[in-house]
Amino acid sequence: MNTNQKIALLIPSKNRIERLRLMIDSALRTSANPSNLEFLIYFDFDEKVSPGELSSDNVRIVYGSKMWLTLMWNSLISHTNAEYLMYAADDIEFKTNNWDKIFIEEIEKFTNKFGLVYADRKSTRLNSSHA
C-alpha cells in the first residue's frame, strides 16, 4: 500500500460549524496519515463562516449556490486530485484508529477502482474494531 495516497472527504455543510469541527478533529486524530487527508467543505453563498473557524491546513472551503446534496458532493470532486474520494457528512465522528489505512486497504482488494463507501455506525457487517 502506498502511504502517500490522498483521501478527499467531500462534505456539504450548513450552519453546523461545531459538528463540522468535531468531525474534522476526530478524522485527523484517528488517522494513520493525517497529512494525506483533504477536507473539502461546500457552503452555500449565504453561509456565515469567518476565516479561522476551521483552522487546518487540510481544509478547503468551496462556496456555491444552494443545490441538492448529491450535486454538492459532485461539485466538490472538481476541486481535488486525491486518489480516493469519500462522500462524507458534517456529523460523522471517526472512532477507529488508522481508519484511513483500513479504508485504502479494503478498496485496493477490488480490481474495479470505482466503489461507494459510507459510514454506518450501527453496521453489523464489520467487527467492532471497524465501527
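Q: Which residues of H1 are buried?
A: This is a predicted model, and H1 covers residues 17–30. Buried means under 20% relative accessible area. An α-helix has 3.6 residues a turn, so residues three or four places apart point the same way. The buried residues of H1 are Ile17, Leu20, Met23, Ile24, Ser26, Ala27 and Thr30.

Q: What do the buried residues of H1 pack against?
A: H1 packs on the sheet, and its direction makes about 170 degrees with that of E2. Contact here means heavy atoms within 4.5 Å. With that cut-off, the buried residues of H1 pack against E1, E2, E3 and H3.

Q: How far apart are the end C-alpha atoms of H1?
A: H1 has 14 residues, and at 1.5 Å a residue they should span 20 Å. The expected span is 1.5 Å times one less than the number of residues. The model agrees with that, as the end C-alpha atoms of H1 are 20 Å apart.

Q: Is leucine 9 buried or exposed?
A: Leucine 9 is found in strand E1, residues 7–12. Beyond its neighbours up to four places away in sequence, leucine 9 touches Met23, Leu37, Glu38, Phe39, Leu40, Met86, Ala88, Phe94 and Trp99. Its relative accessible area is 0%, so leucine 9 is buried.

Q: Which element gives the most to the largest nonpolar core?
A: That core has 24 residues, and Ile7, Leu9, Met23 and Phe39 have the most contacts inside it. E1, H1, E2, E4 and H3 each supply at least two residues. With five residues, the one that gives the most is H1.

Q: Which strands stand at the edges of the sheet?
A: The sheet is open, with four strands in the order E3-E2-E1-E4 and parallel pairing. Each edge strand has a single partner, so one side of it is left without a neighbour in the sheet. The edge strands are E3 and E4.

Q: Is tryptophan 68 buried or exposed?
A: Tryptophan 68 lies in the loop between strand E3 and helix H2. Its C-alpha atom is 9.9 Å from that of proline 12, 56 residues away along the chain. The cut-off for exposed is over 50%. At 68% relative accessibility, tryptophan 68 counts as exposed.

How values were computed: Residues are numbered from 1 along each chain as its sequence is written. This is a predicted model: local features need pLDDT of at least 70, side-chain atom pairs count only at pLDDT 80 or more; totals for chains, interfaces and linings use all residues. Side-chain values use heavy atoms; hydrogens and water are left out. Buried means under 20% relative accessible area, exposed over 50%, partly exposed in between (1.4 Å probe, protein chains only). A nonpolar core is a set of buried Ala, Val, Leu, Ile, Met, Phe, Trp, Tyr and Cys residues joined through side-chain atoms within 4.5 Å. Two strands pair if DSSP finds at least two bridges between them. Axes are lines fitted to C-alpha atoms, for helices over the stretch in contact, and angles run from 0 to 180 degrees between N-to-C directions.
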